[in-house]
Amino acid sequence: MSDEMTLFPEEQTARSQSASRWLIVRGLMRDPVTFVAVTILALVLFSAIGAELIAPFDPLEQDLKLRNMPPMARALDENDSPVGFPFILGTDPLGRDILSRIIFGARVSLTVGLSSALVSGLIGTLLGIIAGYYRGAADDIIMRLVDIQMSIPVLLLALLVLFALGSGFLNLVVVLAIVRWMAYTRLARGQTLALRNSPFIDAAIAIGNTHTRILFRHIVPNVASPLIILGTLEVATLILSEAGLSFLGFGIQLPQSSWGLMIAGGRQYITSAWWIVAFPGLTIFLTTLSLNLLAATLRAISDPIQRERLLRKGPAPGNSSN
Amino acid sequence: MVGVEASEERVQQVRDQLGLNDPIPVQYARFAARAILLDFGDSFWQKTSSLSLVIDRLPATFRLAAAAFLLAAPIGILLGAAAALRPQTYLDRIINVLSLGGVSMVDFWMALMLIIVFAVQFGWFKTSGYGGFSYMALPTLTLCLSPLGRISQITRSAMLDEMNRPHITVARAKGLAEGRIVFVHALKNAAIPVVTISGDMLSSMLNGAILVETVFAWPGIGYLTLQALQRRDLPLVEATVFVVACMVIVVNLLVDLSYVYLNPRIRFQ
């Protein structure tokens with residue numbers, strides 16, 4: 001049935017379209033790598049939303065008697081027998097539960113990653129479609145700005161702006177949005193340029209649409225899907241940047257916590273308590289890896305030929321020497 | 001600079017001396033006038049010419065970037081080409097997950113984990129500092145992971161496109177050896193995106209290695225940048241940004257020039 005649908009896409013009704021979308025989702029979840037990636041992202045998202053519900057301990061509660069406890073250790077009562085729920089990932093130098101801090105840290109890291117991706121995506125896309133649609137002077141100015149910004153390394157620029165503005169949550173989001181907009185601009189411009197000369201845009205102009213209407217009704221929906229994939233990749237990059245900036249002391253500030261800051265806090269204990277550094281970093285790595293894998297899958301299903309291959313069970317036999 | 005207990009008078013005196021009390025446009029004009037002559041002023045921190053401080057750190061950064069790049073580029077290209085030659089096989093998928101792992105790598109965390117395992121537990125390498133192989137191994141390994149992943153991803157997609165083009169079919173039809181087809185006919189044509197991304201990666205290693213250099217206390221430009229920022233040493237920050245921007249421009253120029261060699265059609269445009 002799915003073969004028929006892809007053979008005659010123009011005959012799809014709204015209902016069969018949503019059915020085929022469902023088939024695609026089901027087919028993808030059969031792919032173990034995608035399944036694991038989506039599960040990890042769902043866990044991170046759930047931690048960020050429901051941190052209070054699932055965190056076993058208060059992430060801020062300090063107890064110096066419980067400092068630097070190894071993973072799976074439990075608190076001791078008067079008779080030195082273990083009581084209470086174990087500290088699954090150990091405790092930090094102030095006796096706080098690392099798992100709970102990671103769960104609450106998901107909130108900060110995800111909020112920074114998603115909101116700065118959204119802001120930079122909106123700015124970058126708007127500039128990109130303006131450059132690609134109007135060409136001329138607007139195009140020249142915007143693309144020269146992109147070139148200038150491309151020549152300054154992201155981390156360095158972010159550090160400089162935070163140095164001037166001061167650090168903190170809001171400044172961090174602003175800075176990350178500023179340093180990453182040009183990725184969207186380049187992509188949106190290229191996509192718009194390709195669309196600009198297609199007959200349906202000419203037709204839209206001919207029947208008297210305003211440029212604004214054409215931009216938002218005809219261009220934006222057609223350039224959206226590659227930009228959404230780029231956005232997924234960007235969230236990963238931004239989470240990494242946030243972690244790096246916080247690690248250097250220019251990002252999230254105490255008493256707020258984020259994964260990057262947790263690594264910075266454990267740095268002086270690496271010889272005695274490896275878990276303080278290991279688990280927050282592993283969380284960042286798994287989150288960004290899952291986002292990258294998800295983006296790769298999204299890119300594959302947006303290409304009809306690759307989608308067919310993916311929906312078949314498992315990888316196809318090699319065609320190395322054909 | 002004057003210490004925490006300095007009197008307000010003393011603070012203002014020093015700020016006047018350094019010109020930090022002047023309006024921003026005046027400060028900027030003074031900076032621009034000097035910068036044209038490559039004079040960024042003396043570092044507040046080290047009290048010597050900030051440009052020469054930056055240039056002193058160049059060799060360390062070059063060494064690290066060159067080592068990491070020489071590790072990342074060949075391995076990345078080979079992995080990407082191997083994946084592209086056997087698309088949709090388990091080999092391809094394993095390489096894909098590994099290279100995405102490199103792209104997603106939290107480099108400062110990886111640096112600390114490598115220190116824990118190889119420097120603290122096994123004692124094979126030095127935890128930090130500047131010197132020969134035992135100092136360089138861990139920073140090089142950390143720094144090469146992300147470029148390796150990116151180069152391999154780009155090589156795979158460029159090679160996949162290339163292997164499906166008619167001239168490859170022709171090359172096969174006339175009976176060329178597979179190795180010659182892959183390395184001469186496909187790889188050279190697929191080289192432009194690969195060289196572009198490699199250039200980006202090289203310039204990011206030359207100047208964006210702030211995190212890795214900091215963790216390993218590697219006395220390069222990245223570490224210097226962080227020290228300058230932490231000490232609010234404006235002339236030194238300005239000099240580092242200037243040198244970094246110059247290096248990016250040089251790398252970009254080399255990449256553009258390589259296009260002419262890789263694709264002769266560009267020469268005639």
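## Helices 6 and 8 of chain A

In this predicted model, helix 6 of chain A, spanning residues 136-150, packs against helix 8 of chain A, residues 169-196, at an angle of about 135°, and their axes lie 10 Å apart. Because angles over 145 degrees would be needed to count as roughly antiparallel, that angle makes helix 6 of chain A oblique to helix 8 of chain A. The crossing in which helix 6 of chain A passes helix 8 of chain A is left-handed.

On the side of helix 6 of chain A, the residues that take part are A:Ile142, A:Val146, A:Gln149 and A:Met150, and they meet A:Met182, A:Thr185 and A:Arg186 in helix 8 of chain A. Sorted by class, the residues of this contact divide into 4 nonpolar, 2 polar and 1 charged.

## Helices 8 and 10 of chain A

Helix 8 of chain A also packs with helix 10 of chain A, residues 211-248, where the two axes come within 9 Å and cross at roughly 155°. The two helices are therefore roughly antiparallel to each other, and helix 8 of chain A passes helix 10 of chain A in a right-handed crossing.

The residues that helix 8 of chain A brings to this contact include A:Leu172, A:Leu176, A:Arg180, A:Ala183 and A:Tyr184, while those from helix 10 of chain A include A:Ile219, A:Asn222, A:Val223, A:Pro226 and A:Glu234. By class, the contact of helix 8 of chain A with helix 10 of chain A comprises 14 nonpolar, 5 polar and 3 charged residues.

## The side of chain B that touches chain A

Between the chains, 34 residues of chain B are in contact with 34 residues of chain A. At least two residues of the side of chain B that touches chain A are supplied by each of helix 4 (90-103), helix 5 (107-121), helix 9 (191-207), helix 10 (210-215), helix 11 (221-230) and helix 12 (234-262) of chain B.

Helix 5 of chain B gives the most to this side, with 7 residues. The residues of the side of chain B that touches chain A divide into 23 nonpolar, 9 polar and 2 charged.

## The largest nonpolar core

The largest nonpolar core has 149 residues, and of these B:Phe108 and B:Ala111 touch the most other members. When its neighbours within four places in sequence are left aside, B:Ala111 is in contact with B:Leu138, B:Thr142, B:Val212, B:Val215 and B:Phe216. As a general background, nonpolar side chains tend to be buried together in soluble globular proteins.

Conventions:
Residues are numbered from 1 along each chain as its sequence is written. Chains are lettered from A and ligands numbered from 1 in the order in which they are written. This is a predicted model: local features need pLDDT of at least 70, side-chain atom pairs count only at pLDDT 80 or more; totals for chains, interfaces and linings use all residues. Two residues are in contact if their C-beta atoms, placed from the backbone, lie within 7 Å. Helices (H or I, at least four residues) and strands (E, at least two) are DSSP runs, numbered from the N terminus. Ala, Val, Leu, Ile, Met, Phe, Trp, Tyr, Cys and Pro count as nonpolar, Asp, Glu, Lys and Arg as charged, and the others, Gly among them, as polar. Axes are lines fitted to C-alpha atoms, for helices over the stretch in contact, and angles run from 0 to 180 degrees between N-to-C directions. Angles under 35 degrees count as roughly parallel, over 145 as roughly antiparallel, 65 to 115 as roughly perpendicular and the rest as oblique. A crossing is left-handed if the near helix is turned anticlockwise from the far one by less than a right angle, and right-handed if clockwise. A nonpolar core is a set of buried Ala, Val, Leu, Ile, Met, Phe, Trp, Tyr and Cys residues joined through C-beta atoms within 7 Å. A residue is buried if 20 or more other C-beta atoms lie within 10 Å of its own, exposed if 12 or fewer, and partly exposed in between; C-beta atoms are placed from the backbone.
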